[in-house]
Amino acid sequence: MEELVRLSKARGFAFPSAEIYGGFRSTYDYGPLGVLMARNVKDAWWREMVQLRREVVGLDAAVLSSPKIWEASGHLKSFADPLVDCRTCKQRWREDHLPTTEDGKPQCPSCGGTDFTEARPFNLMFKTFVGPVEDESAVAYLRPETAQGHFVNFANVLQTEHLKPPFGTAQIGKAFRNEITTGNFVFRTREFEQMELEYFVPPDEAPRWFEYWCTERLNWYVRFGIPRDMLRLRPHTKEELSHYSAGTADVEFAFPWGWGELEGIANRTDYDLKAHAEASGETLEYFDSTTGERYVPYVIEPAAGVARTMMAFLIAGYTTDEVGGEERTVLRLHPRIAPYQVAILPLSKKDTLLPLSQEVLQLLQPVAMCDYDDTRSIGRRYRRQDEIGTPLCVTVDFASLEDKAVTIRDRDSTAQERVPIDRLVEAVASRIAW
Ligand code: GAP
């Protein structure tokens with residue numbers, strides 16, 4: 001984990017936010033490589049959840065939201081964690097995250113004390129004010145999940161898209177929670193991005209769709225490179241269930257500190273649509289004009305986090321091996337998840353190679369995210385690309401000027417193949433295909 005955090009910062013995946021001021025409370029800024037990788041994670045999710053389906057449409061709701069939404073959804077009342085204070089060192093903790101002593105008593109991670117105040121609920125929503133007056137009528141919240149944006153737009157989407165259950169709305173966007181305990185790098189932060197699908201189904205089909213989405217989502221992680229034995233599906237106990245859920249299972253990943261949640265898949269029943277219908281006075285139901293049937297759909301919700309998914313891909317992909325008697329670090333990322341798909345590496349910095357190298361770069365830029373590096377020795381440049389997970393390196397050498405061909409080097413096998421430049425786009429595209 002330490003090595004991953006080091007690599008993340010050194011290579012520009014994630015930097016502690018406001019680092020020049022000593023950092024800011026577990027917030028992170030994504031650097032050049034982190035931004036590329038996060039985009040790829042979101043694209044891979046969007047492709048499978050929206051692009052390859054006919055019955056799922058996109059949505060992008062506001063982050064700044066009316067208190068009425070959170071009152072109706074139950075978040076104002078129930079979206080809280082149990083908070084305790086250590087009586088010895090006065091530090092504040094989330095009760096259910098405290099480690100325990102050998103005899104099972106909760107223990108303060110800071111001073112080791114075991115004397116705590118009674119637990120009290122702490123609402124996790126960030127409150128702010130809209131407009132110039134900071135009074136109760138101006139209160140707004142930063143959304144703690146993207147999900148409610150789907151429910152309050154249910155009638156709008158139904159009207160514009162003429163969909164029939166089962167259908168879904170998909171959304172990727174920021175959410176904010178005033179988490180009491182953050183940590184483990186970007187695993188738990190106060191500002192994070194979610195990828196959520198709300199899948200509206202006939203109530204009697206909900207159990208079947210719940211199973212369907214558990215399988216689909218688990219397979220998605222495997223498809224994009226996480227070994228199956230580093231994943232598990234863990235059903236929630238009754239005590240763990242959110243206030244809206246009739247059943248939830250988490251996709252968990254074997255993090256270095258133990259199993260941790262990547263995604264929750266919940267059967268939210270008709271809880272949210274009914275709550276918003278009652279609070280707003282609007283009808284939020286599906287009416288089938290051919291059968292005359294009318295009902296409030298149940299919702300199956302696969303809800304994933306971008307940063308946790310990135311972390312899992314980085315951890316699962318991080319390996320070391322030996323090439324030519326030298327140890328190398330390789331990030332074995334899926335070509336569609338890796339920040340760059342291709343690196344163009346002129347063998348020498350000499351001007352003679354420059355025009356052809358630029359030509360190769362311009363050929364490949366429309367089909368792949370390309371890095372271009374003409375510094376240092378070729379061996380060191382290969383090592384850098386291996387370390388950031390670039391699946392293909394294209395080397396332009398002096399022979400390229402004569403034979404109009406370049407060398408493609410494969411990250412994992414280090415095998416090299418000479419390819420004519422006029423077949424390069426095809427050769428690269430086939431190697432980085434979805
Ligand atoms: N709409 C349901 C919902 O929000 P959740 O399990 O609270 O469910 C879904 O959140 C996913 O969002 C989690 O599985 C996790 O990947 C991500 N997530 C939640 N809280 C997070 C936090 N504080 N930091 C980073 N990611 C978080």
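**Close-up views of pockets, ligand site and backbone**

**View 1. Helix H2 at the second largest pocket.** Helix H2 gives the most to the lining of the second largest pocket, contributing 5 residues. As you look around, please keep in mind that this is a predicted model. The second largest pocket has a volume of about 330 Å³. A total of 19 residues line this pocket, and those closest to its centre are Tyr28, Tyr30, Lys174, Glu191 and Glu193. The elements that each give two or more residues to this lining are strand S2 (28-30), helix H2 (32-51), strand S11 and helix H9. Sorted by class, the lining of the second largest pocket holds 9 nonpolar, 4 polar and 6 charged residues.

View 2. Strand S14 has the largest share of the lining of the largest pocket, with 7 residues. By class, the lining of the largest pocket has 18 charged, 15 nonpolar and 12 polar residues.

**View 3. The ligand and the shell around it.** The ligand sits in the largest pocket. Around the ligand there are 21 residues, and Glu145, Glu179, Thr189, Glu196 and Glu261 come nearest. Which strand gives the most residues to the shell around the ligand? That is S14, with 5 residues. At least two shell residues come from each of three strands, namely S11 (191-201), S14 (258-269) and S17 (298-305). Divided by class, the shell around the ligand has 10 charged, 7 nonpolar and 4 polar residues.

View 4. Zooming in, you can pick out three atom pairs between protein and ligand, starting with an oxygen atom of the ligand that lies 2.8 Å from a polar side-chain atom of Arg177. For Glu196, an N or O atom in the side chain is 2.4 Å from a nitrogen atom of the ligand. The ligand exposes 550 Å² when taken alone, and the protein buries 91% of that.

View 5. Searching the whole structure turns up 1 cavity of 30 Å³ or more. About 70 Å³ of space lies inside the largest cavity. Its lining is formed by Ser8, Phe13, Ala14, Tyr30, Phe185, Val186, Ala307, Met310, Met311 and Leu314. Helix H9 supplies the largest share of this lining, 4 residues. What is the make-up by class of the lining of the largest cavity? There are 9 nonpolar residues and 1 polar residue, with no charged residues.

View 6. Most residues other than glycine have a negative phi, and most peptide bonds are trans. The peptide bond that runs from Pro165 to Pro166 is cis, and its omega is near 5 degrees. You will find Pro166 in the loop between helix H6 (154-161) and strand S10 (167-176).

**View 7. The backbone at Ala18.** Our last stop is Ala18, which is not a glycine but has a positive phi of about 55 degrees. To locate Ala18, follow the loop between strand S1 (14-16) and strand S2.

Conventions: Residues are numbered from 1 along each chain as its sequence is written. This is a predicted model: local features need pLDDT of at least 70, side-chain atom pairs count only at pLDDT 80 or more; totals for chains, interfaces and linings use all residues. Side-chain values use heavy atoms; hydrogens and water are left out. A residue is near a molecule or strand if one of its heavy atoms lies within 4 Å of it. A polar contact is a pair of N or O atoms within 3.5 Å; within protein, one must be able to donate a hydrogen and the other to accept it, and residues adjacent in sequence count only if both atoms are side-chain atoms. Accessible areas come from the Shrake-Rupley method with a 1.4 Å probe; for residues, only the protein chains shown count as cover. On a 1 Å grid over the protein atoms alone, a cavity is a set of points where a 1.4 Å probe fits but cannot get out, and a pocket is an open set with protein on both sides within 12 Å along at least five of seven lines; lining residues have an atom within 4 Å of a point. A molecule sits in a cavity or pocket if more than half of its atoms lie within 2 Å of its grid points. Ala, Val, Leu, Ile, Met, Phe, Trp, Tyr, Cys and Pro count as nonpolar, Asp, Glu, Lys and Arg as charged, and the others, Gly among them, as polar. Grid points are joined across faces, edges and corners, and a volume is the space filled by probe spheres set on the points.
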